[in-house]
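Trainee: I have just opened this model and would like to learn how to read it. Could we go through it together?

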Amino acid sequence: LLLDAQKKTLVRFAEISKTSTGKYFDAVAVPYYVIPNATDDFNGGAQTRFNYMKNNIMPGAVAAIIYQNRVVYAVFADEGSANTIGAASVATARALGINGDPNTGGTDGLVYYVAFTGRAAVPSPVEDHNAASALGQQLVRALLNAN
């Protein structure tokens, strides 16, 4: 898990980086995860290996993030470098029991991300962690029941 410790999200699309009130997500307060850019802005806009838009992962979509014996439900709230995968907010790290210090934190251990797709995977309001957790639990139950 890499830490996204900035005080506000910095992405190309405002609908990803802002809450329902128009404010930026706070990395210390809100559990969120980061997906690499769909295009590599540093390589002439070439397609990256994964395009979240083509895979129907919407801005604000809930993901179950799993580390050791812990699960936290976080929302998609930032885009990262096309070369970086596994980033999340300080709040996500702390909820998973991972050191949240921006300089010394993170982990080299296995962290699993299960992102849900479509508009039905976006909690309302998107910045409400209780709403994200309730929706995430509902989506996990549905996934388990379907398989």
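Mentor: Gladly! Accessible areas come from the Shrake-Rupley method with a 1.4 Å probe, and for residues only the protein chains shown count as cover. Here the protein has an accessible surface of about 7,900 Å², and 51% of that belongs to carbon and sulfur atoms. This is a predicted model, where local features need pLDDT of at least 70, side-chain atom pairs count only at pLDDT 80 or more, and totals for chains, interfaces and linings use all residues. Residues are numbered from 1 along each chain as its sequence is written, and side-chain values use heavy atoms, leaving out hydrogens and water.

Trainee: How many helices and strands does the protein have?

Mentor: Helices (H or I, at least four residues) and strands (E, at least two) are DSSP runs, numbered from the N terminus. This protein has three helices and eight strands, in the order β-α-β-β-β-β-β-β-α-β-α from the N terminus.

Trainee: What share of the residues count as buried?

Mentor: Buried means under 20% relative accessible area, exposed over 50%, and partly exposed in between (1.4 Å probe, protein chains only). Of the 147 residues, 46% count as buried.

Trainee: Is Ser89 buried or exposed?

Mentor: Ser89, in strand 7 (residues 87-89), is buried, because its relative accessible area is 0%. A polar atom of its side chain lies 2.8 Å from the backbone oxygen of Val30.

Trainee: Which residues does Ile65 contact, leaving aside neighbours within four places in sequence?

Mentor: Contact means heavy atoms within 4.5 Å. Among the partners of Ile65 are Tyr33, Val72, Leu96 and Tyr113.

Key
Polar contact = N/O pair within 3.5 Å; in protein donor to acceptor, adjacent residues only side chain to side chain.
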